[in-house]
Amino acid sequence: MQAWRVHRNGEPSEVMELEETDRPAPGDGQVLLKVRAANINFPDALLCRGQYQVRPPLPFTPGVEICGETEDGRRVLATPSLPGGGLAEYVVADEASLLPVPDALDDAEAAALHIGYQTGWFGLHRRARLQAGETLLVHAAAGGVGSAAVQLGKAAGATVIGVAGGPEKAAIARDLGCDLVIDRRAEDIVAVVKEATGGRGADVVYDPVGGDAYAKSVKCIAFEGRVVVVGFASGSIPAPGLNHALVKNYSVVGLHWGLYNTKDPAAVRACHDELTKLAEQGAIKPLVSERVPMAGAARAVQRVADGTSTGRIVVLPSGGTR
């Protein structure tokens, strides 16, 4: 089979190589899956760089989530077992962790449903306890992680303010359903949020960016607001001022969604049931901006690494269009 492999750490476009290799053999409790679609995530770039919290042995194949097909023809969502990631024609995955694909989604959309939307749901509902009528501020609202949070926030009845970089990404955030969009390159995030909320500020901030985004968020956070720290796509990890959190009476909460797979797997399945309902209702639909063939995977991972992509880029190993 064909698979993208990384033999040394570095930039994805430089270290990812498309190779012929043996099909993986499932172990106890695992199944072999044909990859119908593989969604690209920012962690795939971090894996290539050797900067992710998990460092698989070299060589490895990136790709942390897929829509796959079982031997009996069922479509399932899976997180492949590293070092054999999803940017390949076949993968193995733990049978107990497989989730059914919602009928409302095609293969590419389904491949983008699992990690991003689970992260958004747990962040907004389990960690931040977002309530209908509250104001949600979403950074990188046109990106893969942010776009999921925008849709989930709207589905929860919140007023959603999206932050994006540049007019093209701002237009995408607006089309996703944001009630207000801030172009961070042309507008003052703090001033716009305060004006839009009558000086109160945002009740919940969803931050996959870190750095300057976090610094501005805590300047426009509401009384008893919650900042959900999801990641650091900017490359800068902020150092929260706890005195500031005390004086303004807000919370900073972290979210490592992967921990739920081991600490509370039942919650992951319950969340998938909720996401399936929302997908069937049309309340959520992964924004797939590009569907690329297998040969384009390395360039696609690099674009995600560089922050130039919007929505989700999905690789179709078989060259299909679903």
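This report walks through the strands, cores, one loop glutamate and the cysteines of a predicted model.

**Strands around E12**

Let's start with strand E12, which spans residues 221-229 and is mostly covered, with 7 of its 9 residues buried. Strand E12 has a parallel partner in E11 (residues 202-207), and the two share 5 bridges. To get from E11 to E12, the chain goes through helix H8 (residues 212-217), making a right-handed β-α-β crossover. E12 also pairs in the parallel sense with strand E13 (residues 251-254), this time over 4 bridges.

Tyrosine 206 has valine 228 in E12 as its bridge partner, and valine 228 in turn has valine 253 in E13 as its bridge partner.

| Strand pair | Sense | Bridges |
|---|---|---|
| E11 and E12 | parallel | 5 bridges |
| E12 and E13 | parallel | 4 bridges |

In soluble globular proteins, nonpolar side chains tend to be buried together. In this model, the largest nonpolar core takes in 82 residues, and Leu33, Phe122 and Leu136 have the most contacts inside it.

What does phenylalanine 122 touch, once residues up to four places away in sequence are left out? Its contacts are Arg127, Leu255, Trp257, Tyr260, Ala267, Val268 and Cys271.

**Glutamate 134 in its loop**

Glutamate 134 belongs to the loop that links helix H4 (114-127) to strand E8 (135-138). Is glutamate 134 buried or exposed? Its relative accessibility is 15%, and the cut-off for buried is under 20%, so glutamate 134 counts as buried. A polar atom of its side chain lies 2.9 Å from the backbone nitrogen of glutamine 131. Setting aside residues up to four places away in sequence, glutamate 134 also touches Arg129, Ala158, Thr159, Asp203, Val204 and Arg226.

**The cysteines**

How many disulfides does a search of the whole structure find? The count is 0. Take cysteine 67: the closest cysteine sulfur to its own is in cysteine 271, and at 18 Å that is too far for a bond. Cysteine 271 has already come up, as one of the residues touched by phenylalanine 122. Cysteine 67 counts as buried because its relative accessibility is 0%. Cysteine 48 is at 0% relative accessibility too, so cysteine 48 counts as buried.

Definitions and conventions: Residues are numbered from 1 along each chain as its sequence is written. This is a predicted model: local features need pLDDT of at least 70, side-chain atom pairs count only at pLDDT 80 or more; totals for chains, interfaces and linings use all residues. Side-chain values use heavy atoms; hydrogens and water are left out. A nonpolar core is a set of buried Ala, Val, Leu, Ile, Met, Phe, Trp, Tyr and Cys residues joined through side-chain atoms within 4.5 Å. Buried means under 20% relative accessible area, exposed over 50%, partly exposed in between (1.4 Å probe, protein chains only). Contact means heavy atoms within 4.5 Å. A polar contact is a pair of N or O atoms within 3.5 Å; within protein, one must be able to donate a hydrogen and the other to accept it, and residues adjacent in sequence count only if both atoms are side-chain atoms. A disulfide is a pair of cysteine sulfur atoms within 2.5 Å. Two strands pair if DSSP finds at least two bridges between them. A crossover is right-handed if, with the strands pointing away from the viewer, the path from the first strand over the helix to the second runs clockwise.
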